[in-house]
Amino acid sequence: MTDKIAYSRHDDIVVLRIENPPVNALSQAVRQGLAEGMDRAEAEDGVRAVMIVGEGRAFIAGADITEFGKPPMEPHLPNLCSRIEASPLLVVASMHGVSLGGGLEVALSAHYRIAQPSARVGLPEVHLGLIPGAGGTQRLPRLIGVEPALDAITTGRHIKAPQALEMGIVDRVEEGDPQEVGLAYVRELLDSGAERRPICEMPAPAPIDWDAAYEATLKKGRGQISPAEAVRAVQAGVEKPFEEGMKAERRIFSELMNTDQRQGMIHAFFSERAVSNLPELKGVEPRELKAIGVIGGGTMGAGIATAALLSGFSVVLIEMKDEAAKAAHERISGNLQGALKRGKIDQAKFDHLTGEALTVSTDYASLSDVDLVVEAVFEDMDVKKQVFGKLDAVCKPGCVLASNTSYLDVNEIAASTSRPGDVIGLHFFSPAHVMKLLEVVVADKTAKDVVATGFALGKALGKISVRAGVCDGFIGNRILATYRTAADHMVLDGASPYKIDAALEKFGFAMGPFAVADLAGLDIGWATRKRKAATRHPEERVPTYIDRLCEQGHFGQKTGQGYYIYEKGKRGGTPNPEITRLIEEEQKERGIAPREFTDAEIVRRYMCAMVNEAAKVLEEGIAKRPLDIDMTLLFGYGFPRYWGGPMKWADIQGLPNVLAAIEGFAEKDPWFWKPAPLLVELVKTNRTFDDLNKEAAK
């Protein structure tokens, strides 16, 4: 037996204890050890049952990620699960921590399951662009029925032990040492004469309308195919004998392994874990964080305060006037009320967070003891400088001074203080207590331990933190400005905003760019265009039709009218005919004869603009690695996860193809479509963006 499985005998019960720290991933050695342990138990006289339990933090957290992308090694997991299930001995899984993916599939191959109250189970393979491949789509529906099984498999969600008990995934929930509790349960089963209960021998569950379920799942996943294919695997398990269903599951699993979506989602999986692992911060200790200050109690400031409170920090929020302070407290209370309703906190916690943990004041002196303060006031440099001047005067030495600016120069903000080394940009995305992305903007004089503190705060708040350099818009908003310009150009040339939104939603974006503009507020873009008007290049094509709408006081969802018209109580909007009229007027003024655009051309132009600008951001060092850009777009801008991010999308398309498309667009619009030198260089040297990620990791 391998050293990953400890074999012990307790009278007529054998315990196979998985010892593969930290989370008992299903490595080849673990699989082999379990198979050999089963063989040995069955060969010994007097053994009546086997109990499988995990050492340390988990039963089995899932596959061994170090084996991803390598040829599978025997024993293969589906065969191991079938071998466990077929044992003539009574097999019980005692589960604690997490039992995910292959971990739950191993547990389902046992005949009975007992779990700790804090345990969680799930089949999250869809998040890797796959389906469960070791019987999960076959056994779970037979155990709990088709619809609850489909919900678990197609969402990949974690299920807490009490709910798993209600659903029938586990047979008992009991507190105690997993091995001792498990042994007592096995003894009880043996004493009561309980028989083996292989799920494969259970009757197939009742069928459903499979085509309707497939289409609904595909729509819900915005084009992600793995959850919908899981429906087909479950269907095979219902309609065919168990062994035939297993073959269908393996076929679908193998087909998904070779898809672009699987490539994208694996890339996203690893990049999410690598993004905050910065070589420059190795050995750098962050500053201590206990109390957080927030300047401004609007939507953004209240969201930041809410996130900090929910993460265990005390918060001091500063507003200008008493009425504004009261409104800020109400906003934060409203946010926390949502957490209370969802069961994230209880009433006592709510009372604490809205009471002693939160101070709302109009006096900057209240910030004297905070460890880090985030300014979240109006996006105006003079206003920001005034705020930082006050912070410089009242905050203690070593307090980190952070700006939540979306576009402005953090170096200029830092220069307005006597301690530029303590200044950093922390660009949250609204609503800040919900959105996962945090851009950590490093200015020229930002101290390394301040950078480390920014990342430590992001981790404490549960954010995906990305390092960004200083430029107009940093990583995300700078790239957004460019691909949004590509969309604006297409509108002037004949593609309606509604056709563009529809094409990009079909591609997988959560929302199209014009629906996003309505959500964010059209006044934001209007202000940016006015700010840049004086420095605009004469060849730059900037549409004016939307400014005319803004001049009428229409700013999108918050005023009820923008690109779309919004009615109270109704979800979404309907196209605004005024937009169509204004576009047609501008086309006539500019002498443009509008033409038709296909969905494919819309996506190609939009994505090529995104990739081209992203390559420039990378070349300038604003982003250190392509994966930083991918994670920024994934977690802050609704980019479809199954493409992995724009840089991964470009690699999948082939960089020579992307460059050729950009060069083709440049023939008609050379001012906007200037191929990024880095992209040209990568094509010339036959390298990819992923190669740059690998080089950065060395």
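I began with helices H4 and H5 and noted that they are oblique to each other, in what is a predicted model throughout. The angle behind that label is about 140 degrees, with the axes of H4 (residues 136-144) and H5 (residues 146-155) 7 Å apart; since angles over 145 degrees would count as roughly antiparallel, I kept the word oblique for this pair. I also looked up the handedness, and H4 passes H5 in a right-handed crossing.

Next I listed the residues that meet at this crossing. From H4 I wrote down Gly 136, Thr 137, Leu 140, Pro 141 and Ile 144, and facing them in H5 I found Val 146, Pro 148, Ala 149, Ala 152 and Ile 153.

I then turned to Lys 220, which I located in helix H8 (residues 210-220).

I followed E4 to its pairing with strand E3 (residues 49-54), which is parallel and runs over five bridges; within it, Val 50 stands opposite Val 91.

My last entry concerns the open sheet of eight strands, whose order I traced as E12-E11-E10-E13-E14-E15-E16-E17, with mixed pairing. Strands E12 (358-361) and E17 (464-468) stand at the edges with a single partner strand each, so one side of each has no neighbour in the sheet. From one strand to the next I noted a twist that averages 25 degrees.

Inside this sheet I looked at strand E13 (residues 372-375) and strand E14 (residues 400-403), which run parallel and are joined by four bridges, and I saw that Val 374 stands opposite Ala 402 in E14. Finally, I recorded that helix H13 (residues 322-341) lies across strand E11 (314-318) and E12, running at about 155 degrees to E12.

Definitions and conventions: Residues are numbered from 1 along each chain as its sequence is written. This is a predicted model: local features need pLDDT of at least 70, side-chain atom pairs count only at pLDDT 80 or more; totals for chains, interfaces and linings use all residues. Side-chain values use heavy atoms; hydrogens and water are left out. Axes are lines fitted to C-alpha atoms, for helices over the stretch in contact, and angles run from 0 to 180 degrees between N-to-C directions. Helices (H or I, at least four residues) and strands (E, at least two) are DSSP runs, numbered from the N terminus. Angles under 35 degrees count as roughly parallel, over 145 as roughly antiparallel, 65 to 115 as roughly perpendicular and the rest as oblique. A crossing is left-handed if the near helix is turned anticlockwise from the far one by less than a right angle, and right-handed if clockwise. Contact means heavy atoms within 4.5 Å. Two strands pair if DSSP finds at least two bridges between them.
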